[in-house]
Amino acid sequence: MIKRKLFLFAPWFMGVLFIVLAMSMAFATFIENDFGSVAARRYMYNTKYFEILFLLLAINLIGQIFILKLYVRKRISIFIFHLAFVFMIIGAGITRYFGFEGVIQIREGELEDKCIVRATTNRNGDSKEFIVLPFSLKLDDFILDRYPGSNSPSSYQSKITVVDKARFKEFSHEIYMNHILKYRGYRFYQSSYDSDEKGTILSVSKDVVGIIVTYIGYSFLFLFLI
């Protein structure tokens, strides 16, 4: 009976969970490609199914650490491997429940401090909420470059001025691919732009604790590979 109850912590069950997770991610990718990111969030990523799957995986990994005594010196490498995924799952959970992601749209020459946060539910689909930032962003200039002889955009960037009246700070920053703005725990990424090329759309996220915990997990995984 005891062995039957311990199937949650069995190595074979971890393998099953990883296979199910891989298949689920692949299915979610197909949904996103065919029906968009909103549908992928609604029917896969933001479902209880995904939460239960990651919860079972975390329980399995933690259980193996103690039942198989992976913390002893001769099994330290396997212990680090399990610990890496535990931290990454916990970091993802913190991000899901305590962090937020949204978008902020700014026109050239204007100040903006409101970002749209999307909350996805199975019943109502996507609902929009607004969050006011503790500072403002001004779009000084939006630059769009195209491939020679084509109308297809090759790159685009936003020249931003951060205006923080509460801290009496004001500084400029350029946002483009792989060059983000980090300020007061918020991260701003270049996402899209207005059709008339006079405005920018930035992705906004704030998840300091979740990012730190996830990076700890990545560090353990890197240490395991070494």
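Visitor: Hi! Is F7 buried, exposed or partly exposed, and what is its relative accessible area?
Guide: F7 is partly exposed, at a relative accessible area of 36%. Buried means under 20% relative accessible area, exposed over 50%, and partly exposed in between, with a 1.4 Å probe and protein chains only. Bear in mind that this is a predicted model, where local features need pLDDT of at least 70, side-chain atom pairs count only at pLDDT 80 or more, and totals for chains, interfaces and linings use all residues. Residues are numbered from 1 along each chain as its sequence is written, and side-chain values use heavy atoms, leaving out hydrogens and water.

Visitor: Thanks! Where does F7 lie?
Guide: F7 lies in the loop between α1 (2–5) and α2 (11–35). Helices (H or I, at least four residues) and strands (E, at least two) are DSSP runs, numbered from the N terminus.

Visitor: And what does F7 touch?
Guide: Leaving aside residues up to four places away in sequence, F7 touches W12 and F13. Contact here means heavy atoms within 4.5 Å.

Visitor: Changing topic: how do the axes of α4 and α5 cross?
Guide: The axes of α4 (residues 48–67) and α5 (residues 76–98) cross at roughly 150° and come within 9 Å. Axes are lines fitted to C-alpha atoms, for helices over the stretch in contact, and angles run from 0 to 180 degrees between N-to-C directions.

Visitor: Which residues make the contact?
Guide: Among them are F54, L57 and L61 of α4, and F79, L83 and V86 of α5.

Visitor: Which residues of α5 are buried?
Guide: The buried ones include F79, H82, L83, F85, V86 and I89. The buried residues of α5 pack against α2, α4 and α6 (208–225).

Visitor: On to the largest nonpolar core: which residues touch the most other members?
Guide: Of its 20 residues, those are I104, F135, L137, I160 and F188. A nonpolar core is a set of buried Ala, Val, Leu, Ile, Met, Phe, Trp, Tyr and Cys residues joined through side-chain atoms within 4.5 Å.

Visitor: Where does the largest share of this core come from?
Guide: From β3, with six residues. Strands β1 (100–107), β2 (111–121), β3 (125–146), β4 (153–164), β6 (181–183), β7 (186–193) and β8 (199–206) each supply at least two residues of this core.

Visitor: What does F188 touch?
Guide: Not counting residues up to four places away in sequence, F188 touches residues including I104, F135, L137, I175 and V204. Apart from this core lies another, of 14 residues, among them F13, A84, V86 and M88.
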